[in-house]
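The following paragraphs lead the reader through one structure. Please keep the sequence and the 3D view at hand while reading.

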Amino acid sequence: MADETQDFHDQDLGTSPSRINNPRIRHEVARAIVWVAVVGTVALAIWIARPLLVIFGAMVFASMIDGGARLLGRVLNIARVWRVSIVLFVTTAFLLWLAYFAGSTISQEAAQFPAIIERQVTELIDWAGRQGFQVDQSQLQNYLGNIGSGISTVTKALGGILGGAATIVLILVIGVYVAIDPQLYERGVAWMLPREQRDRFYVTAARMGQTMRRLMAGRLLGMVVEAVFTYVMLAWVAPLVGIGAVPMAALLAILTGLLAFVPNLGALISGALMVLVGFSGGVEMGIYTIAVYFFVQNFDGYVVIPMIAKKTVDLAPALVLAFQLIMGILFGILGLFLADPLLAMIKVALERRAEQANENQTREGAKDGA
């Protein structure tokens, strides 16, 4: 009687609409589930890409604080919390001084800056027309207006999590928390990984952290070098050669230093602004600003950057520029600023992956030889 009951249950299960007996159909269903999971994962990644980029920006900020705290640790034997506090205090004091200096010294120059640029662009269009180039000024202004409208649209579209001050505050807060105790968060991520993968994760995380610290230290060094050299050449050296001080030297130096954080594109923008302001003081001053631009960029490109690249990830300029364009289109200004660090981290991860593959091959080869 029991055997008959079991047979009945087996037949009932076999005819259930939720039970698939055909192995081929089960295989196809499993494949479909995998594809749905992949598509869902990609959609989720796209949906949370901007918050993840903000978190990565916080990691970049934390690496900069961590680098300063480590440097202080070489001369001050105090707790890490105090070293981080000193770095934050010095940074805040410098930014407040810079804001005060900019507000009291170059505020009038900043107000006149757009008018000078517009006037120089108009003169450039007129000169091109005299040389035989057909340039429709109204059409060009229309293009510039469309570009400005597009930038405004992108900026508005970045609202919410990437919206202005809220994004900066979020990056700063998360970055400070991570910088105070980075090992806490590192252990938390490692805990979610399989046990056999944790040692590899720690090695990869340590290498990424070291690379990020050196990359950001080099970036800050390059910003300072370009700003100082630009100001010295425009404000001090120019009068010595009989040209006279270039207008808005302090403002141009600050813009050059800030834009140096974005490789390639930042140098082009700061150079164009410098040359336009230079030609507002005459042809000689314009030619001099061109010379200053090439001097500063060559010094940074052939002295500072190679010195930094020896201790960090040496990225191909064309690859960096292409990645900046992609990140700028996808995520706006924030993506443009974080493109270089993100690309460096991707390269470190790929290098670690290649090292692990080589280690596995070497280990398998040793077993076969034994």
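How many aromatic pairs does a search of the whole structure find? The search finds six aromatic pairs, where rings of Phe, Tyr and Trp (its six-membered ring) pair if their centres lie within 6.5 Å, with planes under 30 degrees apart called stacked, over 60 edge-to-face and the rest tilted. One of them joins Tyr231 and Trp236 in an edge-to-face arrangement, at 6.0 Å centre to centre and 70° between the planes. Tyr231 is partly exposed, with a relative accessible area of 33%, whereas Trp236 is exposed at 54%; buried means under 20% relative accessible area, exposed over 50% and partly exposed in between (1.4 Å probe, protein chains only).

The model is predicted: local features need pLDDT of at least 70 and side-chain atom pairs count only at pLDDT 80 or more, while totals for chains, interfaces and linings use all residues. Residues are numbered from 1 along each chain as its sequence is written, and side-chain values use heavy atoms, with hydrogens and water left out.

The chain holds 13 helices and zero strands, both taken as DSSP runs numbered from the N terminus (helices H or I, at least four residues; strands E, at least two). Of its 370 residues, 29% count as buried. Among contacts with a separation of 6 or more, 68% link residues 24 or more positions apart, a contact being heavy atoms within 4.5 Å.

Arg352, in helix 13, is buried, with a relative accessible area of 6%. Leaving aside residues up to four places away in sequence, Arg352 touches Arg200, Val203, Thr204 and Arg207. Arg352 and Phe201 are 151 residues apart in sequence, yet 9.8 Å apart in space, C-alpha to C-alpha.

Another arginine faces a ring: the charged end of Arg219 sits over the ring of Phe261, 5.4 Å from its centre. The criterion is NZ of Lys or CZ of Arg within 6 Å of the ring centre and within 35 degrees of the ring normal.

Finally, consider the second largest pocket, which is lined by 33 residues, with Met59, Val178, Ala205, Met208 and Gly209 nearest its centre. A pocket is an open set of points on a 1 Å grid over the protein atoms alone, where a 1.4 Å probe fits, with protein on both sides within 12 Å along at least five of seven lines; lining residues have an atom within 4 Å of a point. Helix 3 gives the most to this lining, with 10 residues.
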